[in-house]
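Below is a briefing on one protein model. It covers a strand and its partners, the ring contacts and the domain layout.

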Amino acid sequence: MPDDFSYFDKIEKALKRVSCFFSFFRIETPIMEDVRIFERGTGMTSEVVQKQIFVVKSRGRKEGVMALRPEMTPGVVRAYVQNGLSYVVLPGKFYYFSPIFRYEQPQHGRFRQFYQIGLEIINTSDSAYDAQVISATVKILEDLRIKGFSIKINSIGCKVCRPSFVKKLKEYYKSNLSKLCRDCVKRYKINPLRMLDCKEEKCQVYKIKAPQTLDHLCVSCKNHFKTVLEYLDEMKVPYLVDSTLVRGLDYYSKTVFEVFVDGFDFALGGGGRYDYLSETLSGPRMGAMGMAMGVERLIEVMKQSQISGLPKIQPKVFLIHMGDQAKKKAMGLMEGFYKEGVNVRESLSKDSLKSQLRQADKEGVQIALILGQREVFEDVIILRDMKSGNQENVALRKVVEEVKRRI
Ligand code: HAM
């Protein structure tokens with residue numbers, strides 16, 4: 001609704017400011033893409049693809065082949081590869097502010113259509129960019145004056161070290177499977193890593209003693225994570241290492257992170273490295289790192305923290321008319337104000353002076369311009385200073401100029 005756009009605009013301004021500083025360029029991918037981009041990219045074992053993706057069927061086909069995007073990352077990688085940017089833009093740095101669709105039970109902070117802002121850095125394995133994405137995320141939050149946020153960070157390893165970790169994890173959980181929640185039993189089979197971020201009460205005792213990803217990283221992942229933390233320390237970006245953080249999308253490797261705010265039970269944003277995503281989409285091998293934050297969630301935090309949106313443009317002039325002739329002249333006059341870049345409020349559907357003056361007063365304008373039959377006849381307009389109540393006649397052909405001089 002219109003009132004929310006003052007928040008949208010403020011978030012977009014912060015995103016653009018930070019993106020401009022770090023040289024991210026705007027990207028927009030199709031809202032609807034081949035469903036396989038997400039099945040292969042986001043991943044078949046992710047909840048997003050298993051339960052939340054909207055598959056689009058046309059009347060003439062039995063099978064759905066397209067999907068409403070449940071996130072941006074696979075589409076951005078596809079666009080980067082398909083447009084041949086992997087040869088010229090190294091790394092590719094993109095930002096977006098885009099609508100996303102997920103089949104959810106709509107509730108507080110959880111919608112079926114929502115917006116994400118996000119950053120993606122594609123075609124680099126350098127840990128400096130992991131830190132840069134996190135630093136840029138923090139800068140957006142600071143720009144919005146959001147307080148009490150925290151960044152949780154972890155490393156979930158790579159293709160070399162993760163399989164042996166997952167094996168250990170399965171061994172650990174095996175004997176207790178009957179005591180875990182239904183979701184964890186399912187996760188055990190299809191995505192054991194996710195057992196580590198189960199929120200069910202009865203799984204917590206097992207989670208606490210579970211093997212930790214950080215204790216099972218290979219040398220390369222260990223060094224990568226160490227340098228990410230060193231860069232963050234150097235930039236004075238605050239973070240908390242959380243070895244249970246694993247994220248819900250299949251493509252992550254090495255660094256993963258999430259953003260939380262005190263007093264809110266949802267994650268404000270999340271991201272991480274996705275070094276294998278391009279390959280799963282039949283692209284070249286390329287490291288990448290990114291993040292996304294939910295815009296509606298950001299707005300909720302801003303509203304509850306009494307942070308305002310961008311101030312609305314407040315017109316300083318209100319044009320009042322009385323009678324048909326005056327209405328016609330008022331329409332013509334507005335064209336003149338438009339050409340000179342002066343915003344004018346009006347109430348063309350009202351006729352009475354009293355109600356229009358009341359509205360002008362409510363809008364807090366500096367000047368009311370009053371056109372009646374007599375003024376039209378004499379080619380003048382009444383200029384009323386709303387603060388002092390003083391009124392004077394100004395020639396119609398000079399009124400735009402006069403108003404410009406006064407505001
Ligand atoms: P995600 O964690 O699935 O990551 O979503 C990012 C953010 O989108 C969440 O933290 C949340 O604020 C918001 N969000 C998710 N679902 C909903 C919903 N149903 N209603 C409202 N807001 C929601 C991704 O989507 C990854 N693509 C992030 C990324 C970019 N990783 C690397 N690059």
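Strand β5 (residues 92–101) is mostly covered, with 10 of its 10 residues buried (buried means under 20% relative accessible area, exposed over 50%, partly exposed in between, with a 1.4 Å probe and protein chains only). Strands (E, at least two residues) are DSSP runs, numbered from the N terminus. The model is predicted: local features need pLDDT of at least 70 and side-chain atom pairs count only at pLDDT 80 or more, while totals for chains, interfaces and linings use all residues. Residues are numbered from 1 along each chain as its sequence is written, and side-chain values use heavy atoms, with hydrogens and water left out.

**Faces and pairing of β5**

- In a regular strand the side chains alternate between the two faces of the sheet.
- Strand β1 (residues 25–26) pairs with β5 in the parallel sense over 2 bridges (two strands pair if DSSP finds at least two bridges between them).
- Phe25 has Phe94 in β5 as its bridge partner.
- With strand β6 (residues 113–122), β5 pairs in the antiparallel sense over 10 bridges.
- Leu119 in β6 stands opposite Tyr95.

**Aromatic pairs**

- The whole structure holds 11 aromatic pairs (rings of Phe, Tyr and Trp, the last by its six-membered ring, pair if their centres lie within 6.5 Å; planes under 30 degrees apart count as stacked, over 60 as edge-to-face and the rest as tilted).
- Phe21 and Phe22 form an edge-to-face pair, at 4.9 Å centre to centre and 80° between the planes.
- Phe21 counts as exposed because its relative accessibility is 64%, and Phe22 counts as buried because its value is 11%.
- Phe54 and Tyr103 also pair edge-to-face, at 5.9 Å centre to centre and 85° between the planes.
- Phe54 lies in strand β3 (residues 54–56) and Tyr103 in the loop between β5 and β6, so this pair ties together parts 49 residues apart in sequence.
- Phe54 is partly exposed at 26% relative accessible area, and Tyr103 is partly exposed at 40%.
- Phe5, Phe8, Phe97 and Tyr115 are linked into a cluster by ring pairs.

**Charges over rings**

- The charged end of Lys93 sits over the ring of Phe24, 5.0 Å from its centre (NZ of Lys or CZ of Arg must be within 6 Å of the ring centre and within 35 degrees of the ring normal).
- The charged end of Lys170 sits over the ring of Tyr188, 4.9 Å from its centre.

**Domains**

- The protein chain is divided into domain 1 (2–161 + 217–304) and domain 2 (317–406), with bounds from an automatic or database domain assignment.
- The C-alpha centres of domain 1 and domain 2 are 50 Å apart.

Key: Helices (H or I, at least four residues) and strands (E, at least two) are DSSP runs, numbered from the N terminus.
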